[in-house]
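Have the model open beside you and let's walk through it together.

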Amino acid sequence: MCLSDRGLFSGYTAGPFYDEMFSAQGCARSHYARLFEKLGVMAPTQFEDRRKHADLSFLLQGITFTVYSDGRGTERLFPFDLIPRILPQAEWARIEAGLSQRVVALNLFLQDVYGKQLILKDRKIPSSLVYSCRHFRREMIGLEVPHGIYTHVCGIDLVRDSSTGEFLVLEDNVRTPSGISYVLENRLVMTRTFPEAFQEHEVLPVNHYPAELSRILRTLSPRTDPDAQIVLLTPGIHNSAYFEHSFLAQQMGIELVEGRDLIVDGVVVYMKTIYGLKRVDVIYRRVDDDFLDPLCFRSDSMLGVPGLMGAYRAGNVALANTPGNGVADDKAIYAYVPTLIHYYLGEDPILRSVETYLCDRSDHLSHVLSNLPSLVVKSVGESGGYGMLMGPSAAHAEIEAFREKILADPRNFIAQPIVPLSVVPSYDSAARCMAGRHVDLRPYCLYDGQEVTIVPGGLTRVALQAGSLVVNSSQGGGSKDTWILRGEC
Amino acid sequence: MLSRIADSLFWLARYIGRAEDTARILDVTFHTLLEQAPQPHGVRWEPILSMAGEETLFRQLYTEPAAHNVFEFLAFNPDNPSSIMQCITKARENARTIRDRISREMWEDLNSLYLTLGRFDPQEETAAGPHRFCGRVIFGSHRFHGVSDATLPHDEGWDFLRVGWALERAEMTARLVDVQYRNLLALTSAGGTPDNHQWMAVLKSVGAYEAYHRQYHAPIDPARVAEMLILNPQHPRSIRFCVTEMQTSLRAISNTAPGSYANEAERLTGKVLERLRYSRIDEILDDGLHPYLTGLIHQFNTIGEVIARTYFYYAGVA
C-alpha cells in the first residue's frame, strides 16, 4: 500500500525525517496499513466534516486553555489532530519497561537525596549540583514520606530520533505534570469521530487512569478510615490546567479544592463545608511547591494553605506529589539519570537520554559556546518551552544575547544537540492537505511504591507549524490520540 | 459540600435568573411600546432602568433613554454588571469553578448558551429589536433549569440552586410590581390613561398573563395583578410561591422539620412567608404597596446575607 494514488494523502511525501506512518519508500508501515486504507478512500470534504465535528465537541465541552498574552485571558482550543499516532505493542513494551526503570530510579534518588545522601557521599553526583537546584527543598531533608513514595505521578517526555528511529528520553516531569486529561478526552472524541476505525483495530484502553490514581492516593491516607477524605488542590480557574484539575476530580469523585477552602488547625488539615469543618487526609496537589504553604515557602502566596507543611510533617496529611521533587527533574540532574539507574538498580538504562552539556562544567561550556548555532540551550528550572534557545533557527542577535546569559549564570543552562524528531502525517487546515509534522510523546506513570502503572500510550504532542520542533501548547502545539495496538510488533 | 461550591451554585442560579428576568422585562416592554402612541422617552424607559437598579450608570454611559440604548445597555454592555451578557458570563464562570460538581450536561448546556449568545452581534440585534436575543436567553434559562433538574442529584447542591433561583425571582417580582404600580398609577393621577396593555405587559413579563385570566375570568385590574404577583400560591413567579420554595430548600439543607427553624435564614424566611400567607391584597394596598414591597426587598437582601453567613463564610477556626 503506497502513497502515490491516495486522495486524502495526495501530494504527501515522506520527508527527510523518520515518518511514523510511512517507510522511506512511501509505503504504509504494517501497523498503520489498515488506517491508511481507511483514510485513503476518504474524500477531503468528509475528513473536513469530521474534523469540524471534533473541534466543536471540544469547544462545547469547554476544553480550552487560557492565553494571557493579549491581557484579557482568551480561551483557546488545544488543537486536536485527527490522525492518530500508532505504536505497535512490542515497541511500547520496551518503552514501558524503560519508563518504569526510570521512575523507580528517580524515586530512589529522591529518597536518598532527602535521606542518607549516599550518592553524594559516594561522589557519583556533585553535591554542589544537587544543592544548587532551584527546586531543591531543604525543608524535606530527613522527613519520612508515606510509603517512601515521592514520584506518585510522572510525565516523561520521549522523542524518536529520526537518524536511528530510537526513542530517547528528552525530559522528566516529576513535580505536577499535566496533560493526562487530554489523553482521555482525545480518546473519547476520537471514538466518537472515527468509530469504525476502532472496530478494526484493537487499541489498548486508557480510561482506567483516574481509578488507578485514586487507588494510589487512597493508600497514602494516614487514617485507616474507609471514608478517608481525598482532595485535589488547584490554584483555581485561572490556571492553564484548570480543566484537567476539575476533570480529574470529577472522574475520581473527589473534592476539588482551592487553598481558601482549606484550613489548618492543631496541625490537622480541614476543608470548610456547609456543615462545618471536615478533616482532609490526602491532597493531590496541583499547586507548585513555592505556593503550597506561605508559612514554609513563598510568604506572598495566596494559593496555598498556611500551616499545611506543619500538618504534613506531623504525618496528619499526605501530599502527592511530594514537595521537593523538582530536584529530580532539574535539567542538569537529567544528565546524571543514567548514572542514577546504574547506582540504585545496577542496570543499564533501557531508554537512552539525549546527549547533554552542562554549562557549569568548563569543558562542556567551551564546547557549547563555540557551537551555539547548532545546539538547543535550555534553562534548567523552566518548563513549557520557556527560556529556550533553538540555535539553528535563532537570529545572530538572539544567540549573542543567550551567550551573555549563559556566561552570567552557567549553572542555569544546559545544551543538547538538536534531535531530528520523527513526524506523523497531520492535517494542515490552512493548506487543506496532509503534511508530516514533528511529534513527541509524554506517557503518564503512576507509582504506588511497588509497581509502576503506565496507561498505554500517553499524550502525543505535535508541532503544527511546518518545520517547527516545539510542541508545547503555549507555543502553538496540538495533540493527537495515541494508539498502542495489541499484538502488533 | 464545600462552602465555596454552595456559594457558587447559589450565585450561578441567581445570575441565570437575573438574565432571564431582564430579558423578559426588556422584551415585553419593547413590544408593548411598539403598539402605543409616541410619548417622551423618559416615561417609556425609566421604569425598566430603575427595576434593573442601574439608572445612574445608564445616565453616565448614554445621552438619551432611547429604545436601542436601553436594549444595548441591558443586554450587552460589558460595563453594566447586570447586563444579560455579564450575568451569563458570570454564571458560566461560577459553573466553571464547580464543573466537577455539577453534571457534565449542565456545564455543556450553560457553556453552549454562553457561546451562542456570544455570537449575537450587538449592533445587528439592537437594530433588529430584542425579541430574538431575549427569546434565546429565556429559552436558555428554562433549558438550564430542566437539564439541572434531570441530571443533578437532588442533594444539598440542588437545594442551593433552588434557593438562588427562588430568591432572585422573589426579589425581581417585588421590584417589578413596585416600579410598575407606582409608574402606572402616577400616570393615571396625572390624567394619563394607562390602558390595559400596560398592565398586560406587566403580567406577560413574568409569564403570568394566561394564568391571570384562568384565575380571575375578569378584566385586568391593578389590584388583582398585584394579588396575582404577590400572594398567589401556585404561580411560579409570585412572591409567595418563591418564598415557599426558599423555605422548602433551606429546610432540606439543614434537615429541619416543618414548624421549626435551624438558623436565622430559616427564621426570617418563615416570618416573611407567614405574612404572605395570611395577608389580603386590600390590606396591603391600604397600608401602602410601596412601603410593603420595599420592606420585602429589604428582607430578601437580609436573608441573602444571612444565608451567606450561615453557609458560605468562615470567620476562622474557633
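A:Ser57 sits in helix H2 of chain A, which covers residues 44-60. (Helices are DSSP runs of H or I with at least four residues, strands are runs of E with at least two, and both are numbered from the N terminus.) Keep in mind that this is a predicted model, in which local features need pLDDT of at least 70, side-chain atom pairs count only at pLDDT 80 or more, and totals for chains, interfaces and linings use all residues. Residues are numbered from 1 along each chain as its sequence is written, while chains are lettered from A and ligands numbered from 1 in the order in which they are written.

Leaving out residues up to four places away in sequence, A:Ser57 touches A:Val189 and A:Arg192, where contact means C-beta atoms, placed from the backbone, within 7 Å. A:Arg192 is 135 residues from A:Ser57 in sequence, yet their C-alpha atoms are 9.6 Å apart.

Now for the largest nonpolar core, which has 230 residues. Such a core is a set of buried Ala, Val, Leu, Ile, Met, Phe, Trp, Tyr and Cys residues joined through C-beta atoms within 7 Å. A:Phe109 and A:Cys445 touch the most other members. The biggest contributor to this core is helix H1 of chain B (residues 3-34), with 15 residues.

Let's move over to chain B. Its domain assignment (bounds come from an automatic or database assignment) gives domain 1 at 1-152 and domain 2 at 154-318. Between these two, 25 residues of domain 1 of chain B are in contact with 26 of domain 2 of chain B. H1(B) supplies the largest share of the domain 1 side, 17 residues.

Finally, take a look at helix H5 of chain B, residues 84-97. Its 14 residues reach 20 Å from first C-alpha to last, close to the 20 Å expected at 1.5 Å a residue; the expected span is 1.5 Å times one less than the number of residues. H5(B) is mostly covered, with ten of its 14 residues buried, including B:Ile84, B:Met85 and B:Cys87. What covers those buried residues includes H1, H4 (67-75), H6 (104-118) and H8 (131-151) of chain B.

Conventions: A residue is buried if 20 or more other C-beta atoms lie within 10 Å of its own, exposed if 12 or fewer, and partly exposed in between; C-beta atoms are placed from the backbone.
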